[in-house]
Amino acid sequence: MGKIAPLTAQEVASRLTALPGWTVTEGMLVKSFATDGWPYTMLLVGAIACLAEAADHHPDLVVTWPRVTVKLVTHDAGGISERDLALAARIEATLQGRLVKPPA
């Protein structure tokens, strides 16, 4: 498989319009999901883990009692790639508001 190319900042910014709540922070695609408590936090972690494993692309997760923060970056590309945006979109499509609190 060839080297994965990073996307430009402009390419990422234009694609973020389709991913509400996702931002670029410290060179990573990031979103925090608030949950209704520890059991839902763990269910969310499991759902994200299954999606990531199926995509063979594994995000960093920060797990706390009422929140899961997802951080995506393609280390091989040295930045955000199509793989990160695709996994973020898959997470969004799968969750569709389940297991998480709506934004305040």
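Begin with Leu 7, which sits in the segment before H1. Keep in mind that you are looking at a predicted model. Is Leu 7 buried, exposed or partly exposed? Leu 7 counts as partly exposed because its relative accessible area is 23%, and buried means under 20%.

Next, show the neighbours of Leu 7. Leaving out residues up to four places away in sequence, Leu 7 touches Val 12, Ile 80, Ser 81, Glu 82 and Leu 85. For a view across the sequence, pick the C-alpha atoms of Leu 7 and Ala 77: the two residues are 70 apart in sequence, with 8.9 Å between those atoms in space.

Now move to Ser 81, one of the contacts of Leu 7. At the start of H3, a side-chain oxygen of Ser 81 comes to within 3.1 Å of the backbone nitrogen of Arg 83.

From there, select the whole of H3, residues 82-95. This helix has 14 residues and spans 20 Å from first C-alpha to last, close to the 20 Å expected at 1.5 Å a residue.

Which residues of H3 are buried? Colour Asp 84, Leu 85, Leu 87, Ala 88, Ile 91 and Leu 95.

For a last stop, click on Gln 96, which follows H3 and has a positive phi, near 40°.

Methods: Residues numbered from 1 in each chain as written. Predicted model: local features only at pLDDT ≥ 70, side-chain atom pairs only at ≥ 80, totals over all residues. Heavy atoms only, no water. Helix = DSSP H or I, 4+ residues; strand = E, 2+ residues; numbered from the N terminus. Expected span 1.5 Å × (residues − 1). Buried < 20%, exposed > 50% of the residue type's maximum accessible area, 1.4 Å probe, protein only. Polar contact = N/O pair within 3.5 Å; in protein donor to acceptor, adjacent residues only side chain to side chain. Contact = heavy atoms within 4.5 Å.
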